[in-house]
Amino acid sequence: MRPLVRTAALNGYVELSRSLGLDPRALMKSVGLDTADLAVQDRWISGTAVVRLLELSAAASAREDFGLLLAELRRFSNLGPISLLVREEPDVRSALALLIRHQHTYNEVLHARLSEGNGVATLKVDVRLGEPQPARQGTELAVAAFHRVLCGFLGPHWRPSAVRFAHRAPRDTASHRRAFGPVVEFDRGFNGIEFYADDLDAANAMADAQLRSYTRQYFEPVAALREATEADRVRDLIEALLPTGRCSIEQVARSLGVDRRTVHRHLARSGQTFSSLLQSTRSALAEQFVPNPSRSLTEVSTLLGFSSLSAFSRWFHEHYGVGPREWRRSGGGGAATPGES
């Protein structure tokens, strides 16, 4: 199945798009995404859709530096839970090693690797989608994000010996020179960053050895959980698609780049069906949203993908034995377990 990315990969996208005169909602809708997805940065969405969105946005705004502009809005925390661990690594080498080894925990599209030779370190960064597709903006965003991480450790005035891209140069390279300095090059054999290998041994002044052991204990289970199964990916997409009213196995299959039979086959291996995942995901969300009085039940019904409040109420009663209003009043106490009614 095709790779997913955390919604945090689009941090700042709405604000940047609007500042350039774009309609982010319409652009996201055109690739099957929704701006509502961005409210939760740990939600997983289609990596192919994100890369296509960046390309469409660059074209619509006539800004070949769109990916770089988006990178400028990124924060270290956008990496997710692994950012807690990386901050406590003793040096640049171990920090990069962690980011590369666990890149699947924050971006399945990303493929980075580090090599050393003759006193030079080379960090190669690729965007892999499993199909031919323009990815200039996504590639520049990824390289710039790694560059910002390195500057975070080595200081804001640090400069690599070269930043290289395999694609052609833009008409105007001012943004690239501002981001990377005069060392940026195009039409090279790879995408990535070259710098002195000695920089890898630079100490992290912020690191706390004792805190590092705590963060490792926290992160290891998180990393293990993100060894995503096909069912995990389908579940993530169901949660993202429900509020759009377009949550179907056909839409999920399109987001994953396969046909519906392939989705059925993968789910069957884990004893799941699309219907069972849809119901369990709806139930989990219902138990989260219904007790919250700040959300109207009409809003909850929309978030769960129902066309009307009455349809949601019938579904809820079938699964919990009571209506959502009664369940809200009781705080969920005494309600039947889903499927027992």
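**Entry 1: helix packing**

The model I am working from is a predicted one.

I began with α13 (residues 274-289) and α15 (residues 309-320), whose axes lie 12 Å apart and meet at an angle of about 95 degrees. Since angles of 65 to 115 degrees count as roughly perpendicular, α13 is roughly perpendicular to α15. I then listed the residues in contact: α13 contributes Gln279, Arg282, Ser283, Ala286 and Glu287, while α15 contributes Trp315, Phe316, His319 and Tyr320. Sorted by class, the residues of this contact come out as four nonpolar, three polar and two charged.

Next I looked up α11 (residues 249-256) against α12 (residues 260-269), and found an angle of about 90 degrees with the axes 8 Å apart. On the α11 side the contact is made by Ile249, Glu250, Ala253 and Leu256, and on the α12 side by Arg260, Val263 and His264. Here I noted four nonpolar residues, one polar and two charged.

**Entry 2: the sheet**

I traced an open sheet of five strands with mixed pairing, and wrote its order down as β3-β4-β7-β5-β6. The edge strands are β3 and β6 (184-185), each of which pairs on one side only.

Turning to β3 (residues 110-117) and β4 (residues 120-127), I found that these strands run antiparallel and are joined by eight bridges. As one of the pairings I recorded Leu110, whose bridge partner in β4 is Val127. The two strands form a hairpin with two residues between them, and in the turn I noted that Asn118 has a positive phi of about 55 degrees.

Which elements give two or more residues to the lining of the largest pocket? I first took the volume of the largest pocket, which is about 550 Å³, and then its lining of 30 residues, of which Arg74, Leu79, Ala142, Ala145 and Phe146 are the closest to the centre. The elements I was asking about are β1 (4-6), α3 (47-61) and α7 (136-154), and α7 gives the most, with nine residues. By class, I recorded 20 nonpolar, five polar and five charged residues in this lining.

For the second largest pocket I noted about 430 Å³ of space. Its lining has 18 residues, and those closest to the centre are Val40, Arg43, Glu239, Leu285 and Gln288. The elements that give two or more residues to this lining are α10 (230-241) and α13, so named in the first entry for its packing against α15.

Key. Residues are numbered from 1 along each chain as its sequence is written. This is a predicted model: local features need pLDDT of at least 70, side-chain atom pairs count only at pLDDT 80 or more; totals for chains, interfaces and linings use all residues. Side-chain values use heavy atoms; hydrogens and water are left out. Axes are lines fitted to C-alpha atoms, for helices over the stretch in contact, and angles run from 0 to 180 degrees between N-to-C directions. Helices (H or I, at least four residues) and strands (E, at least two) are DSSP runs, numbered from the N terminus. Angles under 35 degrees count as roughly parallel, over 145 as roughly antiparallel, 65 to 115 as roughly perpendicular and the rest as oblique. Contact means heavy atoms within 4.5 Å. Ala, Val, Leu, Ile, Met, Phe, Trp, Tyr, Cys and Pro count as nonpolar, Asp, Glu, Lys and Arg as charged, and the others, Gly among them, as polar. On a 1 Å grid over the protein atoms alone, a cavity is a set of points where a 1.4 Å probe fits but cannot get out, and a pocket is an open set with protein on both sides within 12 Å along at least five of seven lines; lining residues have an atom within 4 Å of a point. Grid points are joined across faces, edges and corners, and a volume is the space filled by probe spheres set on the points. Two strands pair if DSSP finds at least two bridges between them.
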